[in-house]
Amino acid sequence: MAAPLLLSDLYIYPVKSLGGIRVAEAAVEPRGLRHDRRWLIVNERNQFMTQRQTPAMAHLKVSAAYNGFLLSHLARPDLLPLFVPFEATPEKTLFVTIWDDMVFAWRARPECDEWLSEALGQPCKLVYMSDMVRRDVERDYNPEGKLVSFADAYPFLMIGQESLQELNGRLAEPVGMDRFRPNLVFSGGQPFGEDAWHHFLIGELPFRAVRACGRCVLTTIDQCTATRHPLGEPLRTLAGYRSEGNSVNFGQNVTGSGQGLLRVGDAIQVLDYKN
């Protein structure tokens, strides 16, 4: 008898491209999980920064704190942890660019910019997306008009543990789930079974798997050392059997249709499958 499909892990990433926080439960909101990727680091030109261009961002770790989170630097114990609240105030604002979108954002406290500029060795700013901002999911795949935070393109990313286990069976050195930055991790089913899902329930909340997530060089960065794998693993191995056109796929981009609470251990029910 096949193991049941269960939500086995939940992650939020308060700051885009920094470390995640593993949580036992999370509220589902129109833009994704509450507090997920509502903060963004931008450069002097107000363009978004990620580990793709700045691998040193992997040194910055995020840990839970009351009404916010702490940023710390793994390689710089001289830098005291920085507290950042989950939400900003609209005292100072600016427009920032993320991919092809330009959106309105609120500035963090000056000490946040100073800490991050010191930590990353370049001038940068921390900004927040308020509920007043409208940023749409990829328009070609978004008939429902869903919103997204500062995530790349979708409010949720889902990966099966069996899929990671199958990949690790092909690698000389296994990698952790943190290389792929999912929000929703589930157990049960077959490796890459999530590729075929369309509409599904987690607990009582409805979701839609829209399309596969194309992976990039970020997956090759060790999240403890901030160094890239010299041979480009695990992306090179994935490219050998998970390529579709110019995309190397791992995980599913997902949208939601309701609001409520997800808890680790919730049952998953697949309602229908993609054609």
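This is a predicted model: local features need pLDDT of at least 70, side-chain atom pairs count only at pLDDT 80 or more; totals for chains, interfaces and linings use all residues.
Trainee: How much space lies in the largest pocket?

Mentor: The general idea is that rolling a probe the size of a water molecule over the atoms shows where empty space is left. Here, the largest pocket holds about 830 Å³ of space, and of the 36 residues that line it, Arg52, Trp99, Asp152, Ala153 and Asn253 are the closest to its centre.

Trainee: Which residues lie nearest the centre of the second largest pocket?

Mentor: They are Glu173, Val175, Arg179, His229 and Glu233, from a lining of 17 residues that divides into 6 nonpolar, 4 polar and 7 charged. The space in this second largest pocket is about 240 Å³.

Trainee: Turning to the surface, which residues form a nonpolar patch there?

Mentor: Phe95, Met102, Phe104 and Met132 form it, and together they have about 470 Å² of accessible area; Phe95 is found in strand β9 (residues 93-98).

Trainee: In what order do the 3 strands of the open sheet stand?

Mentor: The order is β4-β3-β18, with antiparallel pairing, and the edge strands, β4 (32-33) and β18 (260-263), each pair on one side only. Strand β3 (residues 25-29) is joined to β4 by 2 bridges, and Val28 stands opposite Leu33 in β4.

Notes. Residues are numbered from 1 along each chain as its sequence is written. Side-chain values use heavy atoms; hydrogens and water are left out. Two strands pair if DSSP finds at least two bridges between them. Helices (H or I, at least four residues) and strands (E, at least two) are DSSP runs, numbered from the N terminus. Patches are made of residues with over 30% relative accessible area and no salt bridge: like charges are joined within 9 Å, nonpolar side chains (Val, Leu, Ile, Met, Phe, Trp, Tyr) within 5 Å. Accessible areas come from the Shrake-Rupley method with a 1.4 Å probe; for residues, only the protein chains shown count as cover. A salt bridge is a side-chain nitrogen of Lys or Arg within 4 Å of a carboxyl oxygen of Asp or Glu. On a 1 Å grid over the protein atoms alone, a cavity is a set of points where a 1.4 Å probe fits but cannot get out, and a pocket is an open set with protein on both sides within 12 Å along at least five of seven lines; lining residues have an atom within 4 Å of a point. Grid points are joined across faces, edges and corners, and a volume is the space filled by probe spheres set on the points. Ala, Val, Leu, Ile, Met, Phe, Trp, Tyr, Cys and Pro count as nonpolar, Asp, Glu, Lys and Arg as charged, and the others, Gly among them, as polar.
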